[in-house]
Structures are given as C-alpha cells and as structure tokens.
Amino acid sequence: MLIVRAPTRISLGGGGTDLEAYYALKGGLVVSAAINRYCYVVVQAADNDEIEIVGSNYHNLTIEPSVNSLPWNGSLALPRAAVRHFRLRRGLRICFGSEVPPGTGLGSSSSLAVALVQGLSSVVGETPDRDAVAGLASDLEINHLKMPIGRQDQYAAAFGGLNAITFSKEGVRVEPIQMSTANRQRLERNLMLFYTGTTRHSSDILKHQQRRTVHAVPDVIDSLDAIKAFAGDVRDELEKGNLDAVGELLDLGWQRKKTLAPSISNAFIDECYALARSKGALGGKITGAGGGGFLMFYCPRRSQPAVRAALTARGLIPMDFTFDYSGVHQLLHAMKVDTSSLRSNGHDGGRSAAQILTSSTIRRIDHATPSRARKARAAGGSRE
C-alpha cells in the first residue's frame, strides 16, 4: 500500500493572474498559504488485470464495468488522465478522497492532481522534485483535460507553506514569505473560514474571465493589474509584520475581483460579507473562482466571537485550520510490485497508451463519503 496526501490552499491575493491568458502578457503574482485540509490518494496492488479507481463524490454510488462507458469529464477524469500518463494498465486499485467538499474554492482538484502525480510516480519508481510534480499536475489539468484554471493551486499543494508565487512565459517561481514565527502564528489565528453551504463549477466563471482577458477587455485587464498590485502589497505588508493592513488589502482585492465575472458573488454572499465587516472583520473574499464555497476573513481576535456568532446565525459553518508547511507528502510506501507488470512499454502491439487504457477494465465506484467540516527559492519552468 502507498498513501500520499496534499494540502488544499487559501489565497491572500492575486487570484486570476495565474491564468495563462493574463500572465503570458503581463506576468502574474499570487500570495497563498497551504492549509491542513488534505486530499488523499491510496494505491494498492491487486491480483488481477484490472485498474480500479475508487473516488468519493459525496453524492452517489455508481459502478461502470467498462472503461468505454467512463467519460473524460466528471469525478474520474483526473485519475484516468494520470493513469494514462504513467502508462499503467493492470493490477492496481487507486482510491482518493478529500477532507473538503469539491467545488468550494480551496483548490482540492489540483491537490488531488498533485497527490496522484506524487503517488503514481512512486509506484513506477520515479522521484520527481516538487516543481516537477506541480508542473505535471498542471499539465494534466490544463493541457490534457482542458480545464480553464490557473497554476497557483498545484504549486501551493506541492510546496506547502506561505508563498509568493510568480508566473510568466518562462516558468513559475515559488518564494517563501519571510516572516517571524510569531507573525505567522498571528496571521493564522486572524484568518477565518466559513462554508456557505453551496458549491459551484468554477469553469464557467473562469471561462468567462479567460475570454475577456484574451480579448483584452479594458476593465478586466485593469482589474487584474490592480489585483496583482494588491498581491505585491500583501507580500510586502506580511514581511513588514503589518498584518491588519492585509485585511484591508483583502477587501480592496475582493471589490476588484467581483468585476471580473457576474457570477463571482451573489446577494447572499454580499450580505454575509457586509455582516462580517460590520462585526469587526477588516476584509475578506470568497475563496477560489467565486460563486460559492468558503468565505475567508481577516479578523482580529477580539472581534472573532461576534463575527462567528453573526455568520453561524445566517447558516454558515466555520472551519478551523492551520497552515501546512509539508506540501505533498508520502505517508506510507509499502508496495512491493514488479513495475514492468503494471505498465505498458509504449509499443504494446503498436497501440497508443490511450488504446491500452481503453482495452483494460476500470471500475468506477463513487462512494457517498462524509466530508470533514523557507528561506529557499525554488525555481523552475512549468509546462506551458
């Protein structure tokens, strides 16, 4: 058995500038923190010629005995793409799950991609570094599955920690924010997460934003420029120890973010946001692309009881968390298998890896699973 976990993340600034449509033109910057809400991948050897993928989607139980009926979209598209990349064809059971519901803006899809890449790399005897893991996870999601997402989530999950992540045509650079331990702990204590009870498909929001960015719609470009500038300010204030200023910058960033697409916010989100501000929160935002999921606030400790009481009265669910500094992490590796028996050689009867996978049997089992509600620079190129 092999067990891998990868953290989810919260973004403190710059979200949207990690989309290639923007950073290829002007460069992107995101400040994000990995948190201790994880996605897990468990891989086991199986004494048969099947690859079985078991995934939790929180809703139903479905069994599809043939890969021919397994679509590329949906909850199993990502693990199928990973299996295809590593040319795996038999004798494995791959299980995955998350501590947070999908579609809630904490980057769980990309965390799963990172955990899958790390886990399956270990299965076949490869030892990629964190940058390579994040780059391949990005490649699977963006280039193979055509997901209209950015690159911050994969790097946050792979590296862990509190980082400034810059994006350009030349690659991705991850730089740890330089803060004292005391200030890191104070920042952690002053951040609050509340689940709104709704999930969303971020693809519609991000496709809308991407189209307008590609066409250089002036108000979108202006907003993204401002959001990137706010992210730079967040990084600077964090390193100076001016934490309350971060709350005010979150508010400025949120007001700009809402102009990127019409469905980023709604009346209920706006009402809850205003309520939290009236009770003492200095600023906040919806996590991820928007439209639902978690509301995040920067709130001094003295005001947190009032904010928590007001938002729980409106039906929101608080979720405690701490920062994660380990990034993607292998918890257990006790698999002893002949790698050659699991993989194709790329020339199996003249068939492609896709054809080999199609000729195998993959069972789809979606279980209704309850959710649980550095001073070093790493440089390298992401896959473009």
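This is a predicted model: local features need pLDDT of at least 70, side-chain atom pairs count only at pLDDT 80 or more; totals for chains, interfaces and linings use all residues.
View A. Residues are numbered from 1 along each chain as its sequence is written, and side-chain values use heavy atoms, with hydrogens and water left out. The largest nonpolar core has 47 residues, and V41, V43, L88, I94, V114 and V123 touch the most other members. Helix 3 (residues 108–123) supplies the largest share of this core, eight residues. A nonpolar core here is a set of buried Ala, Val, Leu, Ile, Met, Phe, Trp, Tyr and Cys residues joined through side-chain atoms within 4.5 Å. Buried means under 20% relative accessible area, exposed over 50%, and partly exposed in between (1.4 Å probe, protein chains only). Helices (H or I, at least four residues) and strands (E, at least two) are DSSP runs numbered from the N terminus.

View B. Leaving out residues up to four places away in sequence, V43 touches M1, L2, L92, R93, I94, L120, V123 and M335; a contact means heavy atoms within 4.5 Å.

View C. Helix 6 (181–190), strand 8 (191–195) and helix 11 (304–313) are the elements that give two or more residues to the lining, and strand 8 has the largest share, three residues. By class, the lining has six nonpolar, one polar and five charged residues. Ala, Val, Leu, Ile, Met, Phe, Trp, Tyr, Cys and Pro count as nonpolar, Asp, Glu, Lys and Arg as charged, and the others, Gly among them, as polar.

**View D. The largest cavity.** The volume of the largest cavity is about 150 Å³. Of its 15 lining residues, G13, G14, I227, G253 and K285 lie nearest the centre. Helix 9 gives the most to the lining, five residues. Eight lining residues are nonpolar, five polar and two charged. On a 1 Å grid over the protein atoms alone, a cavity is a set of points where a 1.4 Å probe fits but cannot get out, and a pocket is an open set with protein on both sides within 12 Å along at least five of seven lines; lining residues have an atom within 4 Å of a point. Grid points are joined across faces, edges and corners, and a volume is the space filled by probe spheres set on the points.

View E. R87 is not a glycine but has a positive phi of about 60 degrees. R87 sits in the loop between helix 2 (77–85) and strand 5 (92–98) and is partly exposed, with a relative accessible area of 29%. K146, also not a glycine, has a positive phi of about 60 degrees. K146 lies in the loop between helix 4 (130–144) and helix 5 (152–159) and is exposed, at 62% relative accessible area.

**View F. Helix 5.** Helix 5 is largely enclosed by the rest of the structure, because eight of its eight residues are buried. G160, which follows helix 5, has a positive phi near 70 degrees.
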